[in-house]
Amino acid sequence: MVSCQIGNVPEFFSFLLACWRADYCFLPFDMELAKDRRDKLEKVCGVTMRLENSRSGPRLVPVNNSATSLMAADMLKVTSGSAGEPKAIRFSCAQLLADCDNICETMGIGAGDVNYGAIAFSHSYGFSNLVTPLLCCGVPVVVARDMMPHALRDGLSASRATVFPGVPALFRALGAVGSGGWKPRLCISAGAPLTPEIAAKFAESWQTKIHTFYGASECGGICYDASEDFAIEPGFVGNPMHGVALELAEDAEPSQAAVISKAVGKGYHPSRAGESFGGQYVPGDLLEKVACGYRICGRVSDFINIAGRKVNPAEIEQVLGSIPEVESVVVVGLPVGTRGEEIGACYVGGVEIDGLRRACARALPSWQVPRHWLRLEEMPVNSRGKISRADLRRKLLAEG
């Protein structure tokens with residue numbers, strides 16, 4: 001088992017191929033993964049060598065771990081587990097190739113395109129949309145060296161990239177600085193929900209549609225919005241991708257859905273004997289079938305327990321998000337001992353809390369009106385554009 005934590009550099013590709021040729025399982029880490037979590041994963045997975053950065057360039061160093069029993073796998077992907085603890089997912093090359101085929105077929109990406117690499121190669125999204133299209137389909141990648149908005153805009157223009165896979169935070173920044181005279185033919189957003197406001201601003205300044213891409217580390221791409229309509233509905237993710245079937249788990253909607261695809265991974269590592277995904281995986285998202293595709297309505301784990309009654313935070317977020325002065329909002333549950341939880345709301349915008357309370361009181365039952373509020377200058381996101389509800393929950397609790 002060999003790990004790699006070197007970021008988006010050319011050596012990533014050569015090291016990956018060298019591992020596979022030597023029949024080593026490959027485990028890439030994001031640069032932002034903390035050392036203690038990396039070390040913990042390496043110990044659990046039985047990593048014995050690591051490629052890491054040094055002053056003279058990437059170098060291979062030994063890791064003092066004993067090898068552990070690993071069911072056949074060509075690669076492990078890291079994903080966040082419960083309580084934010086990372087864990088690994090086993091994949092074969094055939095499963096990685098199936099995901100690449102599904103993406104390129106659905107999105108119409110081919111050897112005549114040029115990908116612009118502003119997302120991490122080591123993350124599932126970057127691996128599937130940047131790494132495997134290069135290795136398997138010959139789609140070139142130009143790596144972004146500077147992530148500042150003007151530099152990204154200028155990099156896209158200089159590279160003449162035709163495909164730009166990004167996250168909402170990047171599209172928000174690019175929408176603010178405007179086009180630099182060149183625009184990719186295809187812009188893709190994944191990793192976090194794309195809001196209608198970000199999509200509208202980008203469409204106005206770049207005259208280009210952002211296509212929503214929905215997937216999960218465990219199974220690769222799931223849905224894609226192929227329409228050319230610049231306007232998007234909150235949570236809309238389009239239709240199942242080429243090679244992917246969705247089966248809603250319950251008759252009532254919204255509900256979880258089973259993803260059936262050749263791209264579904266083998267299972268988690270370490271695993272119990274006989275444990276595998278078996279060709280299908282059920283993400284924690286709640287999906288609803290609408291006229292032109294599917295819409296994400298929230299996550300099972302995000303539901304708030306108010307004295308035995310379940311509240312979908314998306315319903316409250318929709319009410320608050322409809323207020324013009326509210327730029328973004330996240331609703332979470334706060335523990336209150338034996339009573340279950342109370343509702344807290346973090347928001348960005350130029351409106352006072354009393355106004356938000358009144359808006360909620362007009363549209364929601366009294367027990368669904370948030371009791372705790374926190375106004376922020378901006379909604380904190382990580383490099384993947386994801387908002388951590390756990391971090392916001394801690395902020396609310398610290399405010400008392």
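1. A polar atom of the serine 159 side chain lies 3.2 Å from the backbone oxygen of leucine 156. Please keep in mind as you look that this is a predicted model.

2. That side chain has another partner to find. The backbone nitrogen of alanine 161 also lies 3.2 Å from a polar atom of the side chain of serine 159.

3. Is serine 159 buried or exposed? Serine 159 counts as buried because its relative accessibility is 17%, and the cut-off for buried is under 20%. Setting aside neighbours within four places in sequence, serine 159 is in contact with Tyr116 and Val142.

4. Now for the cysteines: how many disulfides does the structure hold? The count is 0. Take cysteine 19, whose closest cysteine sulfur belongs to cysteine 4; the two sulfurs are 7.7 Å apart, so they are too far for a bond. Cysteine 19 is buried, with a relative accessible area of 3%.

5. The nearest cysteine sulfur is that of cysteine 137, at 3.9 Å, and cysteine 100 is in no disulfide; a disulfide needs the sulfur atoms within 2.5 Å. With a relative accessibility of 1%, cysteine 100 counts as buried.

6. Finally, turn to a pair of strands. Strand 18 (residues 285–290) and strand 19 (residues 293–299) pair in the antiparallel sense, over 6 bridges. Together they form a hairpin, with 2 residues between them.

Conventions:
Residues numbered from 1 in each chain as written. Predicted model: local features only at pLDDT ≥ 70, side-chain atom pairs only at ≥ 80, totals over all residues. Heavy atoms only, no water. Pairing = 2+ DSSP bridges. Helix = DSSP H or I, 4+ residues; strand = E, 2+ residues; numbered from the N terminus. Buried < 20%, exposed > 50% of the residue type's maximum accessible area, 1.4 Å probe, protein only. Polar contact = N/O pair within 3.5 Å; in protein donor to acceptor, adjacent residues only side chain to side chain. Contact = heavy atoms within 4.5 Å.
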